[in-house]
Amino acid sequence: MDDARFNRQNLFAHVFNFTPVGIALISLDYQWIDVNPAACHILGYERDELIRRDPNELIFSAEDGKLGARFDDLLQGRISKFSLEKKYVHKNASVFWTSVHVSLVSGGSDAEPWYYIVQIVDITSNKLTEQKLQESVERYTSLKKYNHDAIISFDLQGNIMNGNAMAERLTGQRVSDLIGTSIAAIIGEDKLSRILADNEPFNEIEGSINHVPHIEGYLVEVLVTIAPIIVNNRSIGFYLLIKDITEQKKLLIEKEAAERTNEVKSEFLAMMSHEIRTPMNGVIGMTDLLLDTPLDEEQREYVSIIRKSGDTLLAIINDILDFSKVESGNAELSEEPFNLTAAIAETFDTLMPKALEKNLTLNVAINPGIPQTVIGDPLKIRQILMNLMGNAIKFTPEGSIAVTVDRADVEGDRVRIHFAVKDTGIGVPEDKLPYLFEPFYQADHFMVRQAGGTGLGLAITRKLVELMDGEIRCEPNPGGGTIFSFHVLMSAETLPAVVETEERLEIVPAQDETLRILIAEDNDVNRRVLIRMVEKLGYRPDAVCNGVEVLEEIQKKSYDIVFMDIQMPVMNGMEATRILRQTIGPGELPYIVAVTANALVGDRERYMNSGMNEYISKPLQSSAVAAVIRKCLESKTAQARASS
């Protein structure tokens, strides 16, 4: 056609200048012949600037062995064109991808090659999309491969499309065997119908799938999650995520069994505490009273032995109960301000008689930088020192025991206080040190040991120190003997000074001080013990055997104090207390003291919350009974002042 509108040269010129595809004409010796505007735009250069650059740097490298071979195939006519994808750095330093297509232009009668035509297409956006898709595929593949849960996909007809390795382990079947089969074989026809019906929440269906069958015939306990597969805003199937909870279920059962065992243990300890302490109350109380009667020297020696044996047995009972409370996690720390020096002094006062029996010297050294008033659990501090000092006295034939409080390290708003208990005793062999704080361990062999005990004292001590965020260790004393050093964490703030009161062990009432005392105790021996203790303090108590008799007696006569045993026949002490609180006005209500053999954590709080005013545990001591009576007198005095 001769029409100028279809002149090939004009058409080529138009396409060359206006096509969005970059076109470059390259000579056979790899030099620029011409480039179109699109090529300049794609590569980021002006035409004159681009022509001055080496094509090998911008488009291809003829020195590349594989690329050079393809150019050679093109020149030899073995191929008519070739393509490649290349990543380039734009003039503005951004990275972009191109698809490069290379062909050869030949002419003349012998088809002599003239030059190369290189077409350049910017494929950056497609490449980024492809990379994101590839990353998604790799993430999905990795998730499916390494997920600890089984993943099975199925289509809208319920046929399995794929699965991971955990699905094979869960079902016992290979994924290749599962593909194409119905998911109903795994979750059941009714569950599949509910999923495909899509008329109820997936979480309700998930909750109904609790087991998955294994090919070997047993059921696996599972938790299931169902998720739809959405492609192009259209649902094409579902994912079934299945977690094998067999081990978790087993651990849960074991945990529940352990908790139940702990409960049974606590119940047993509570029962044994009561059953053992009740007769011990009779033994120790009666020997206490017997020692206050006229006895000849031989009788006093025998009674003293009985009393010491009772104290030893009680100490063993207390050790076992203390260890059980700490070991089971029932030990609790109180938070109250107390004078540290006073707590140490009280411990020394308690242990001084034992030290004097062996002519041992007790020393204490407290660094001036130690805070005097701290906030913590004074009873636990005293128990730790009692255990360590008691051990030191037990295993020190002669010499001294020293307690030092050498420094206090500030940690935030709390202070870490360091203690050491040193003795000059027999020491601990180095090979025994690693086992010293183990429960029921005793450094000397049980067949030849010189001192008795349960072997729980140091185990309890370590637990108590750890309870206060501390640590304890033992090392030889260079001067002979042993050093136990420990530190505990407590608060130290500016607090009101601790009021120190002198504990009176006995109270003799003044002539105008008369207390009406009622004792409620079903055990004959224990009732007689408590009666005699109260009588020795100068009072004349009445006594009954159960809660019903308490109510009857209080209707006849008003009382200032009722020593109320907790466990009594007909009506127990807690029920009797409840009825008294309901039927008697506050001004006429007696001071009710819980008397019990229970001595576990929480017992005191339980009795106080039930309406009782005070609590003492068996075996009863005269000092404890005297202290309760003193509290009642102080309460009466305070009430009298308030009313006046």
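So, lysine 127: its charged end sits over the ring of tryptophan 97, 4.6 Å from the ring's centre. Keep in mind that this is a predicted model, so everything I show today is computed from that prediction.

Staying with aromatics for a moment. How many aromatic pairs do we count here? The answer is nine. Take phenylalanine 71 and tyrosine 116: their ring centres are 5.0 Å apart and the planes stand at 80 degrees, so we call that pair edge-to-face, given that the label needs over 60. Phenylalanine 71 comes from helix H5, residues 65-75, while tyrosine 116 is in strand E5, residues 112-122, so the pair ties together parts that are 45 residues apart in sequence. Are these two buried or exposed? Both phenylalanine 71 and tyrosine 116 are buried.

Now compare tyrosine 607 with tyrosine 615. Here the centres are 5.8 Å apart and the planes make 25 degrees, so this pair counts as stacked. Tyrosine 607 is buried, and tyrosine 615 is too.

Okay, on to strands. Have a look at E15, residues 414-423. It's mostly covered, with eight of its ten residues buried. Which strands does E15 pair with? One is E14, residues 400-411, antiparallel over ten bridges. Within that pairing, valine 410 has valine 415 as its bridge partner. E14 and E15 make a hairpin with two residues between them, and glycine 412 in the turn has a positive phi of about 65 degrees. Another partner of E15 is E17, residues 482-491, again antiparallel, over nine bridges. There, lysine 422 is bridged to isoleucine 483 in E17.

Last stop, the parallel sheet. It's an open sheet of five strands, in the order E19-E18-E20-E21-E22. At the edges you find E19, 542-544, and E22, 614-617, each pairing on one side only. Ignoring direction, neighbouring strands are turned by 20 degrees against each other on average.

Let me zoom in on E20, residues 561-565, and E21, residues 591-596, which pair in the parallel sense over five bridges. One to click on is methionine 564, whose bridge partner in E21 is alanine 594. And what packs on the sheet here, touching E20 and E21? That's helix H19, residues 573-583, and its direction makes about 145 degrees with that of E20.

That's my tour, thanks.

Technical notes
Residues numbered from 1 in each chain as written. Predicted model: local features only at pLDDT ≥ 70, side-chain atom pairs only at ≥ 80, totals over all residues. Heavy atoms only, no water. Pairing = 2+ DSSP bridges. Helix = DSSP H or I, 4+ residues; strand = E, 2+ residues; numbered from the N terminus. Axes fitted to C-alpha atoms, helices over the stretch in contact; angles between N-to-C directions. Contact = heavy atoms within 4.5 Å. Buried < 20%, exposed > 50% of the residue type's maximum accessible area, 1.4 Å probe, protein only. Phe/Tyr/Trp six-rings, centres within 6.5 Å; stacked < 30°, edge-to-face > 60°. Lys NZ or Arg CZ within 6 Å of the ring centre and 35° of its normal.
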